[in-house]
Amino acid sequence: MNNSLLEVQDLNYKKNLQTILQDVNLTVNSGKIVALLGENGAGKTTLIRIISGIAKNYKGTVAVNGMQKEVERKSQVSVTDALKGFSDSTKIDEIESFYEKIYSDFDNDQFKELREFMKLNGEMKLRQLSKGMREKLEIALTLSRKVPLYLLDEPFSGIDPMARKRIINSILLWKDPEATMIISDHFVNEISTILDEVIIIKDKTIASYIAADDIRAKGQSIEEYYESLYEDGGAE
Ligand SMILES: Nc1ncnc2c1ncn2[C@@H]1O[C@H](COP(=O)(O)OP(=O)(O)OP(=O)(O)O)[C@@H](O)[C@H]1O
């Protein structure tokens with residue numbers, strides 16, 4: 001299987017006259033788990049927001065499953081910015097109902113399973129959730145949609161190491177084999193075992209897009225490869 005799912009061509013993005021992403025070109029195939037790596041401020045979140053159709057006013061083209069319009073792309077992409085817009089008094093069960101109404105691809109059974117796996121109670125209100133619990137809820141909501149592309153933006157940063165390990169080890173079970181998942185993360189080692197590919201953003205563009213097996217074939221860990229690329233010339 002080698003069909004391209006995500007195509008980014010000549011993407012340029014500025015915010016307040018400052019160039020954030022420059023000449024980004026990227027083709028990602030179906031069925032991949034991809035790490036999106038880069039230092040703080042490299043542009044990972046920005047790229048995720050553009051691909052998912054949240055950030056607009058970029059130059060270039062972005063297509064998911066051949067769909068370029070933002071509104072169409074949103075039907076193809078599930079992204080972890082789920083809880084923005086809900087008041088702190090909203091219960092998890094209410095968020096589930098909202099998702100069910102808004103997204104025809106939302107799978108209630110999968111959400112229930114994921115919510116239980118994450119040890120979250122549907123009666124809990126957002127204000128009662130710790131940072132890690134909120135992230136678990138975001139992961140559960142994001143993975144309960146049945147879409148070809150999942151974008152997880154630093155999904156594990158507040159989750160304790162034991163739970164993180166459990167979630168990473170199970171992530172393949174919750175994803176259709178044909179679907180692609182792009183995960184931005186600073187904990188490269190922890191996700192390295194599940195990765196098919198690695199994208200590294202540096203100097204506002206894609207400095208490397210490489211198969212994880214090609215890195216392993218060099219006798220390097222993904223973290224070593226990433227560090228060597230950042231050491232080379234240093235970061236801004
Ligand atoms: N609202 C904003 N207004 C202006 N510039 C912004 C805004 N948000 C982000 N930026 C800039 O865009 C650049 C990319 O930020 P982005 O959040 O995409 O980086 P990141 O790789 O996700 O970083 P991190 O690892 O810290 O989450 C940074 O230089 C940042 O200063």
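Helix α1 makes the greatest contribution to the shell around the ligand, supplying three residues; helices (H or I, at least four residues) and strands (E, at least two) are DSSP runs numbered from the N terminus. The structure is a predicted model, in which local features need pLDDT of at least 70 and side-chain atom pairs count only at pLDDT 80 or more, while totals for chains, interfaces and linings use all residues. Residues are numbered from 1 along each chain as its sequence is written.

The ligand is surrounded by Lys15, Asn16, Ile20, Gly38, Asn40, Gly41, Ala42, Gly43, Lys44, Thr45 and Thr46, a residue being near a molecule if its C-beta atom, placed from the backbone, lies within 6 Å of it. By class, this shell has two nonpolar, seven polar and two charged residues. Here Ala, Val, Leu, Ile, Met, Phe, Trp, Tyr, Cys and Pro count as nonpolar, Asp, Glu, Lys and Arg as charged, and the others, Gly among them, as polar.

The chain contains nine helices and nine strands. Its radius of gyration, taken over C-alpha atoms, is 18 Å, close to the 18 Å given for 236 residues by the globule rule, so the chain is as compact as a globular protein of that length. The globule rule is 2.2 Å times the number of residues to the power 0.38.

Six strands form an open sheet of mixed pairing in the order β5-β6-β7-β3-β8-β9, where two strands pair if DSSP finds at least two bridges between them. Because β5 (77–79) and β9 (205–211) at the edges each have a single partner strand, one side of each is left without a neighbour in the sheet. Strands β6 (residues 149–153) and β7 (residues 180–184) run parallel and are joined by five bridges; Leu151 has Ile182 of β7 as its bridge partner.

Helix α1 (residues 44–51) lies across β3 (33–37), β5, β6, β7 and β8 (197–202), and runs at about 150 degrees to β6. Helix α9 (residues 222–231) also packs on the sheet, where it touches β3, β8 and β9, and its direction makes about 25 degrees with that of β8. Axes are lines fitted to C-alpha atoms, for helices over the stretch in contact, with angles running from 0 to 180 degrees between N-to-C directions. Two residues are in contact if their C-beta atoms, placed from the backbone, lie within 7 Å.

An automatic or database domain assignment provides the domain bounds, dividing the chain into domain 1 (1–76 + 148–158 + 176–236) and domain 2 (82–146). Their C-alpha centres lie 25 Å apart. Six residues from domain 1 and eight residues from domain 2 take part in the contact.
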